[in-house]
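Please look over the sequence and the structure first.

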Amino acid sequence: MEQIGFQHEALIYEGSEQYLEGTLPFISGALDAGEPVLVAVGAAQTELLVDALAEDANRVRFLDMAEAGRNPAQIISLWREFVTGAGGRSARGIGEPVWADRSAAALDECQRHESLLNVAFAPALSRPRAWP
């Protein structure tokens, strides 16, 4: 099995159908593997996922990104806490720090945050995981 560490990917979507098509397999794969899952998105996306996941939704930790990520500079610590809490196990997360009414300054910080995630979870800091 190939060992991989931190992966940071983007999902570009248009509408709720594409959002669910892109997120549900990722979440289901984590749940099937017994991996903890953190989803930090807006209220509308949370509602879509909770409805689609049905009973499995209670196995996912949801955070309202509008609250948790109000200050974009705090988002990396949110992810670090989640990964640390996984106790060395593989973990998966979905975060959506950008939303329509973010200020220009906050959008700049979100872009910076996304780039800094790659540094904060560099291979030396991440745990390898087996990928089927």
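The model is predicted.

**Nonpolar cores**

The largest nonpolar core has 13 residues. Within this core, I27, V37, V39, L49 and V60 touch the most other members. Three elements each supply at least two of its residues: α1 (15-33), β2 (37-41) and α2 (43-53). The top contributor is α1, with five residues.

V39 shows how the packing is built. Leaving aside residues up to four places away in sequence, V39 touches I27, L49, V60, R61, F62, L63 and I94.

A second core is separate and has nine residues. Among them are A40, M65, I75 and W79.

**Salt bridges**

How many salt bridges does the structure hold? It holds two. The table lists both pairs.

| Pair | N to O distance |
|---|---|
| E35 and R92 | 2.6 Å |
| R59 and D56 | 3.3 Å |

The E35 and R92 pair links distant parts of the chain. E35 lies in the loop between α1 and β2, while R92 sits in strand β4 (residues 92-95). The two residues are 57 residues apart.

Are E35 and R92 buried or exposed? E35 counts as buried because its relative accessibility is 10%, under the 20% cut-off. R92 is buried too, with a relative accessible area of 11%.

The other pair has another setting. R59 is partly exposed, with a relative accessible area of 44%. D56 is also partly exposed, at 33% relative accessibility.

Notes: Residues are numbered from 1 along each chain as its sequence is written. This is a predicted model: local features need pLDDT of at least 70, side-chain atom pairs count only at pLDDT 80 or more; totals for chains, interfaces and linings use all residues. Side-chain values use heavy atoms; hydrogens and water are left out. A nonpolar core is a set of buried Ala, Val, Leu, Ile, Met, Phe, Trp, Tyr and Cys residues joined through side-chain atoms within 4.5 Å. Buried means under 20% relative accessible area, exposed over 50%, partly exposed in between (1.4 Å probe, protein chains only). Helices (H or I, at least four residues) and strands (E, at least two) are DSSP runs, numbered from the N terminus. Contact means heavy atoms within 4.5 Å. A salt bridge is a side-chain nitrogen of Lys or Arg within 4 Å of a carboxyl oxygen of Asp or Glu.
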